[in-house]
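The sequence and the model come before the discussion.

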Amino acid sequence: MAKTSLGSLLARVGLDWFIIALLSMIGLAKLWPGPGIQEGPLSLSSLANVGVSLIFFFYGLRLNFDQLKAGLRNYRLHLVIHLTTFVVFPAVLLAVRSLLMTPDTELLWLGIFYVAALPSTVSSSVVMVSIAGGNIPAAIFNASISSLIGVFITPLWMSFLLSSTNGQYDLSSVIGKLTLQVIVPVVLGLLLNRRLGWFAERHKAKLRYFDQVTILMIVYTAFCESFSLNLFAKYSVSDLIKLAALLLSLFFLIFGFITLLSRLFNFSREDRITALFCGSKKSLIQGSVMANVLFPATIAGVVLLPIMIYHALQLIVASIIAQGMAHRQLQKAEAVQK
């Protein structure tokens, strides 16, 4: 009974086994980095790359053309979500760059900006919209499109930052690699949706575990490289607390901005909820995948740290907000019935 109560309590605040496993991977990489830095066709990093392509193939397999066409109609909602995700987020970080970045925090700053440049997450956005009572078809459409747009927009933003830092960044090569690893599997899955889509839907829960295990492998190998080079030695606990506070502030700033835009456009309650959760969240899956292509393996662990923290914070905060919205709506419905 106690275990069940503890599990329910953790679920209510957005915590689950995956966040605990992410933290465990960091600890394992610190204690046992050897397997993560090995190279070869059967190394963990190679297996993770294969896993990534399979993740996006099954993701495409769950999509269908009818859903995508139906989602095109609500263009104002789409505009708010994608402009916030790909323009407002990075612009806010660039505006405060001179205040936050120092020679000692350059890698962490790179990771923070990387968070801002990433696309929205898919599964948890849809879940939060569902809990709060939002527009679920629009959430599925926008989260899905965001992942595809991110393959091109995220490297573009990072090319701006990395080129100004070291002058060496091959944008066409990066987009080419991401297209092969992400877009091609998604398109292949989409084309096979009518024949094999039932398989992806039937095994959706198992495939989610496959996604998470693949991400854990990527995180482990990335942190193994960084720990082997002692890159975390200059960061203290207080630095990490400040980082978490900054990311949490960024989340609430964007959340407030979307609230104002939603009122300006006079969105319905359902569309406002969808805009809030799809526009304020960032994808750990895409972040992990792109980090392998965008950054040298030696610094990937440090760069991934902010998106891991943001992922945990957005789940906790968004879960609390979504449940609060659902509770208030239920109270209103009960008051009307009385």
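Which residues does Arg76 touch, not counting residues up to four places away in sequence? Arg76 touches Phe265 and Phe267, where contact means heavy atoms within 4.5 Å.

The model is predicted, so local features need pLDDT of at least 70 and side-chain atom pairs count only at pLDDT 80 or more, while totals for chains, interfaces and linings use all residues. Residues are numbered from 1 along each chain as its sequence is written, and side-chain values use heavy atoms, with hydrogens and water left out.

Arg76 lies in helix 6; helices (H or I, at least four residues) are DSSP runs numbered from the N terminus. With a relative accessibility of 35%, Arg76 counts as partly exposed. The classes used here are buried, under 20% relative accessible area, exposed, over 50%, and partly exposed in between, with a 1.4 Å probe and protein chains only. Arg76 and Ser262 are 186 residues apart along the chain, and their C-alpha atoms are separated by 9.6 Å. Ser262 is one of the buried residues of helix 14.

Helix 14 covers residues 237-264. Its 28 residues should span 40 Å at 1.5 Å a residue, and the end C-alpha atoms are 41 Å apart, which agrees; the expected span is 1.5 Å times one less than the number of residues. Buried positions in helix 14 include Leu243, Leu247, Leu250, Phe251, Ile254 and Phe255. The buried residues of this helix pack against helix 6 (75-95), helix 8 (106-117), helix 15 and helix 17.

Leu247 of helix 14 is buried, with a relative accessible area of 1%. Leaving aside neighbours within four places in sequence, Leu247 is in contact with Ile112, Pro306, Ile309, Tyr310 and Leu313. Leu247 and Leu313 are 66 residues apart in sequence, and 8.2 Å apart in space, C-alpha to C-alpha.

Asn266 follows helix 14 and is placed in the loop between helix 14 and helix 15. What is phi of Asn266 near? The value is near 55°, which is positive in a residue other than glycine. Most residues other than glycine have a negative phi. Asn266 counts as exposed, at 64% relative accessibility.

**Helix 15 against helix 17**

The axes of helix 15 (residues 269-280) and helix 17 (residues 297-337) come within 11 Å and cross at roughly 170°. That makes helix 15 roughly antiparallel to helix 17, a term used for angles over 145 degrees. The axes are lines fitted to C-alpha atoms over the stretch in contact, and the angles run from 0 to 180 degrees between N-to-C directions.

On the helix 15 side, the contact is made by Arg269, Arg272, Ile273, Leu276, Phe277 and Ser280. These residues meet Tyr310, Gln314, Ala318, Ile321, Ala322, Met325, Ala326 and Gln329 in helix 17. The residues of this contact divide into nine nonpolar, three polar and two charged. Ala, Val, Leu, Ile, Met, Phe, Trp, Tyr, Cys and Pro count as nonpolar, Asp, Glu, Lys and Arg as charged, and the others, Gly among them, as polar.

**Nonpolar cores**

A nonpolar core is a set of buried Ala, Val, Leu, Ile, Met, Phe, Trp, Tyr and Cys residues joined through side-chain atoms within 4.5 Å. The largest has 96 residues, of which Phe56, Leu110, Tyr114, Met158, Phe223, Phe277 and Phe295 touch the most other members. Helix 17 supplies the largest share of this core, 18 residues. Leaving aside neighbours within four places in sequence, Leu110 is in contact with Met158, Leu161, Leu162, Phe295, Ile299 and Val303. A second, separate core has five residues, including Phe57, Phe58, Leu61 and Leu207.

**Other residues in helices**

The table gives the relative accessibility of three further residues.

| Residue | Relative accessibility | Class |
|---|---|---|
| Gln212 | 7% | buried |
| Ser147 | 4% | buried |
| Lys177 | 48% | partly exposed |

Gln212 lies in helix 13 (residues 204-228). Leaving aside neighbours within four places in sequence, Gln212 is in contact with Trp17 and Phe18. Ser147 is placed in helix 10 (residues 136-166). With the neighbours within four places in sequence left aside, Ser147 is in contact with Tyr59, Pro119, Ser120, Val122 and Gln286. Lys177 is found in helix 11 (residues 171-191).

Definitions and conventions
Helices (H or I, at least four residues) and strands (E, at least two) are DSSP runs, numbered from the N terminus. Angles under 35 degrees count as roughly parallel, over 145 as roughly antiparallel, 65 to 115 as roughly perpendicular and the rest as oblique.
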